[in-house]
Amino acid sequence: MARRVLGVDPGSSATGWALVVAEGNRYRLEAAGVLRPKGGDRVARLADLERRFAGLLERLRPDCAAVESSFSGRNPRSGHALAESRGVILAALGRSATATSSYSPAEVKLAIVGHGRAEKQQIVYMVTRLLGLATEPAQDAADAIAVGLTHLHSSGRMSLVDGRKGAC
């Protein structure tokens, strides 16, 4: 039976997403892209992100989702904006009753590249090779693919956001 995992890399200006399908020990990329919220102010952009992400969930119908956790960098303002975007994504996943797990950036890098301090281009390179893609995906989409693959590799050790065990 195939497992359909929606990997999500939330961002304040760009949110990467990827539907990775596992069939036995083989993985394939069904779809991927980047949502770039539109609108004048932050509230309008968050509303647009929520509307578009909810539509994506309805269209793709994943079995579960894996979302990258917030990264707290040096700039509190950008960290706050990222947390707001992640909150919108988690709310949409909750409303759709999609079982959701969370992975830190270091966990994703470790699972995909082999060490937790990998550079972004290494993630792009590895997901391209792991899935046998003809072309490299956009950075935000590659990050989302990596989150989905991390979930598939980590089943049983996942950090559950919604508390449901064994959901996917």
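**Terms and values**

Modeller: Ala97 is placed in the loop between α2 (76-95) and β5. The model is predicted, so local features need pLDDT of at least 70 and side-chain atom pairs count only at pLDDT 80 or more, while totals for chains, interfaces and linings use all residues. Residues are numbered from 1 along each chain as its sequence is written, and side-chain values use heavy atoms, with hydrogens and water left out.

Colleague: Why is Ala97 called exposed?

Modeller: The relative accessible area of Ala97 is 52%. Exposed means over 50%, buried means under 20%, and partly exposed lies in between (1.4 Å probe, protein chains only). Ala97 is therefore exposed. Ala97 also has a positive phi of about 60°, although it is not a glycine.

Colleague: What makes Arg61 exposed?

Modeller: Arg61 has a relative accessible area of 57%, and therefore counts as exposed. Its place is the loop between α1 (42-60) and β4. Arg61, which is not a glycine, has a positive phi of about 50°.

Colleague: How many helices and strands does the chain have, and how are they defined?

Modeller: The chain has five helices and six strands. Helices (H or I, at least four residues) and strands (E, at least two) are DSSP runs, numbered from the N terminus. Along the sequence, the pattern reads β-β-β-α-β-α-β-α-α-α-β.

Colleague: What makes strand β5 mostly covered?

Modeller: Strand β5 (residues 99-103) has five of its five residues buried. On one side these are Ala99, Ser101 and Tyr103, and on the other Thr100 and Ser102.

Colleague: How do you know that β4 and β5 are joined?

Modeller: Two strands pair if DSSP finds at least two bridges between them. Five bridges join β4 (residues 64-68) to β5, and the two strands run parallel. In one of these bridges, Ala66 has Ser101 of β5 as its partner.

Colleague: Is helix α3 roughly parallel or roughly perpendicular to α5, and why?

Modeller: Helix α3 (residues 105-112) and helix α5 (residues 139-154) pack at an angle of about 75°, with their axes 9 Å apart. That angle makes α3 roughly perpendicular to α5. Angles under 35 degrees count as roughly parallel, over 145 as roughly antiparallel, 65 to 115 as roughly perpendicular and the rest as oblique. Axes are lines fitted to C-alpha atoms, for helices over the stretch in contact, and angles run from 0 to 180 degrees between N-to-C directions.

Colleague: Which residues of α3 and α5 meet?

Modeller: Glu107, Val108, Ala111 and Ile112 in α3 meet Ala146, Val147, Leu149 and Thr150 in α5. Contact means heavy atoms within 4.5 Å.

Colleague: Why is Thr150 called buried?

Modeller: Thr150, in helix α5, has 1% relative accessibility and therefore counts as buried. Neighbours within four places in sequence left aside, Thr150 is in contact with Tyr103, Glu107, Val108, Ala111 and Ile112.

Colleague: What makes Val124 buried?

Modeller: Val124 has 2% relative accessibility, and therefore counts as buried. Val124 belongs to helix α4 (residues 120-131). Apart from neighbours within four places in sequence, its contacts are Glu136, Pro137, Gln139 and Ala142.

Colleague: What share of the chain counts as buried?

Modeller: Of the 168 residues of the chain, 44% count as buried.
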